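Please look over the sequence and the structure first, then read the points below.

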Amino acid sequence: MRTSEFLLLTLREAPAEAETASHRLLLRAGMVRQLAAGIYNWLPLGLRVLRKVEGIVREEMNRGGAQELLMTGVQPAELWRKSGRWEEYGPELLRFRDRHEREFCLGPTHEEVITDLARGEIRSYRRLPICLYQIQSKFRDEIRPRFGILRGREFLMKDAYSFHLDEDCLRRGYKNMRAVYHRIFSRLGLTFRVVTADSGNIGGSVSEEFHVLAESGEDQIALSDSSDYAANLELTPPPPPGARPPPVVQRREVTTPGAHSIEEVAALLEIEARQCLKSLVVQGSDGGLILLVLRGDHQLNRLAAENRPEVAKPLRFATEKEIRDCFACSPGSLGPRGSPLPILADEAAAACANFCCGANLEGRHDTGVNWVRDLPEPHTAVLRLAQANEAAPGGGRLRITRGIEVGHIFQLGSKYSAALGAVVLDAAGKPRTLEMGCYGIGVSRVVAAAIEQHHDARGIRWPLPMAPFQVVVVPVNQHKSGRLRAAVTQLYERLLELGVEVLYDDRHARPGVLFADAELIGVPYWLVLGERDLDLNEAEFRIRDTDERLRWPIPEAAERTAHHIAGQFSRSSSVPDRTNVTDAVRM
């Protein structure tokens with residue numbers, strides 16, 4: 001492809017609203033353009049990357065025994081009502097009515113539709129197991145879309161659904177799909193981890209997430225430094241606290257003017273944050289309010305809190321007005337002593353003694369406070385997040401890193417099949433409710449996640465399997481030299497003959513502009529030729545990722561480039577196959 005014939009729309013500066021590296025670089029490289037909040041058009045350069053990801057996903061899904069289909073994006077409300085998710089899913093589900101006043105939604109996921117399809121078409125155990133997948137746009141009406149395509153409203157997703165006669169078969173299918181996902185993300189050239197996850201509103205008993213590791217990731221992941229343990233931080237149990245020390249000081253009320261946060265109070269009183277307790281007011285499941293108490297250096301685990309029967313789900317913090325109406329003070333002065341609300345304390349907070357907490361009087365705190373002596377023994381639960389360097393489940397110490405979720409796999413069981421009546425007859429002619437698995441990959445999100453993991457100050461550094469072009473040919477001032485144009489054209493055409501995906505930058509622009517754009521869009525390999533190179537009969541081969549430069553004879557440059565690329569693909573595609581192909585097809 002010649003650049004003069006290609007819609008290359010690079011920008012020197014990114015729009016001010018672009019917050020993340022992937023958002024900035026996708027816009028600057030001319031890969032996407034925003035149409036509305038959280039809704040993007042994919043331009044030719046970006047679409048080439050998207051199709052690369054989609055192709056690898058499709059190849060490995062087919063290799064794993066899955067069959068592709070395409071379901072409608074418009075879904076009738078009646079199916080969602082049968083599953084119980086029409087109201088449960090919340091405002092992210094975009095609902096609308098047709099001209100006959102029938103209710104529909106734009107599909108954010110397809111469990112209901114695929115189960116309805118299975119109910120009508122799979123009647124006998126002889127068709128089981130089976131795994132069906134699609135690659136299709138989804139729509140979730142995010143309240144605050146942000147970070148470009150990392151958290152947009154419309155996105156491209158691969159979603160697969162497997163059907164089984166029993167739980168053992170489901171577990172085998174899940175294991176097979178887990179191996180398929182390993183191959184996909186390994187072939188894409190991404191550094192990733194598989195972590196134990198919460199099933200959320202999808203449901204099911206077992207689920208795991210695949211995270212691309214990146215400092216900009218929204219999710220916190222807890223890893224053991226000496227075992228295979230890996231889980232979302234919210235699902236990582238903190239170690240149990242030790243025994244509560246005895247009281248050794250008397251309670252004393254102190255003035256803390258202008259100190260509202262734990263950090264400000266601790267600094268004012270010259271104590272550590274771990275010697276303080278903090279109080280958070282949330283809505284209770286009975287419609288009232290409840291006081292959650294944590295140690296000052298610990299963070300609330302929102303998932304653990306909203307899973308408590310005493311706490312409303314989803315978790316909602318009280319407003320400042322609600323707090324003032326209840327306590328007659330600001331949130332910065334709250335404490336459990338004399339609280340008018342029921343108290344639920346984290347186990348570590350309940351193990352504290354001689355602590356500092358708000359006195360429920362504006363600008364005042366209590367020090368030397370002890371449970372039992374100064375306030376009643378609290379009800380307790382595990383409400384906090386685990387911390388780095390604490391003991392990890394299974395041994396070792398915890399390391400906290402960040403990741404971007406790009407895949408999620410579930411053992412759904414019979415949640416949807418029971419609700420929608422998906423039943424088959426077994427070998428004995430008895431009806432059996434289908435067991436289901438669900439397996440998703442955010443195809444468009446993978447593109448952004450790859451940029452977050454692979455970029456530098458100059459632009460994108462695509463892993464070779466995802467790159468829009470494998471090679472860019474950059475001539476230096478070719479418009480001033482007929483013989484240079486001829487040599488570069490011959491090199492370009494030979495690369496095409498060898499099957500190399502090549503971009504020939506034939507624009508009449510300064511060399512600095514050509515080099516800057518090549519770095520920005522992230523083409524892995526460059527072939528650079530100028531008049532001096534012709535005199536030496538050599539072409540310069542550059543590796544974008546490492547800045548390594550090699551000199552090759554011009555007559556050999558195309559073949560050497562193709563050979564180098566083939567070698568890189570051979571290494572990247574040699575992913576161990578953890579499943580027998582026959583078993584994969586039959587799961």
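Of the 587 residues of the protein, 53% count as buried. The model is a predicted one. Its secondary structure comes to 17 helices and 30 strands.

**The whole protein**

- Taken along the principal axes, the box filled by the C-alpha atoms is roughly 90 × 70 × 55 Å.
- The protein has an accessible surface of about 26,100 Å², and carbon and sulfur atoms account for 50% of that surface.

**Helix 2 and helix 6**

- Helix 2 covers residues 44–63 and helix 6 covers residues 167–187. The two pack at an angle of about 150 degrees, and their axes are 9 Å apart.
- Because angles over 145 degrees count as roughly antiparallel, helix 2 is roughly antiparallel to helix 6.
- The crossing of helix 2 past helix 6 is right-handed.
- On the helix 2 side, the contact involves Ile56, Val57, Glu59, Glu60, Met61 and Arg63. On the helix 6 side, the residues are Met177, Val180, Tyr181, Arg183, Ile184 and Arg187.
- The residues of this contact between helix 2 and helix 6 comprise seven nonpolar and five charged, with no polar ones.

**Helix 1 and helix 12**

- Helix 1 (residues 21–28) and helix 12 (residues 443–453) have axes that come within 8 Å and cross at roughly 105 degrees.
- Angles from 65 to 115 degrees count as roughly perpendicular, and helix 1 and helix 12 are therefore roughly perpendicular to each other.
- Helix 1 contributes Ala21, Ser22, Leu25 and Leu26 to the contact, while helix 12 contributes Val447, Ala448, Ile451 and Glu452.
- Of the residues in the contact of helix 1 with helix 12, six are nonpolar, one is polar and one is charged.

**Ser333**

- Ser333 lies in the loop between helix 9 (320–327) and strand 16 (343–346).
- The relative accessible area of Ser333 is 1%. Because a residue under 20% counts as buried, Ser333 is buried.
- With neighbours within four places in sequence left aside, Ser333 is in contact with Gly358, Ala359, Asn360, Leu361, Glu362, Gly363, Arg364 and His365.

How values were computed: Residues are numbered from 1 along each chain as its sequence is written. This is a predicted model: local features need pLDDT of at least 70, side-chain atom pairs count only at pLDDT 80 or more; totals for chains, interfaces and linings use all residues. Side-chain values use heavy atoms; hydrogens and water are left out. Axes are lines fitted to C-alpha atoms, for helices over the stretch in contact, and angles run from 0 to 180 degrees between N-to-C directions. Helices (H or I, at least four residues) and strands (E, at least two) are DSSP runs, numbered from the N terminus. Angles under 35 degrees count as roughly parallel, over 145 as roughly antiparallel, 65 to 115 as roughly perpendicular and the rest as oblique. A crossing is left-handed if the near helix is turned anticlockwise from the far one by less than a right angle, and right-handed if clockwise. Contact means heavy atoms within 4.5 Å. Ala, Val, Leu, Ile, Met, Phe, Trp, Tyr, Cys and Pro count as nonpolar, Asp, Glu, Lys and Arg as charged, and the others, Gly among them, as polar. Buried means under 20% relative accessible area, exposed over 50%, partly exposed in between (1.4 Å probe, protein chains only). Accessible areas come from the Shrake-Rupley method with a 1.4 Å probe; for residues, only the protein chains shown count as cover.
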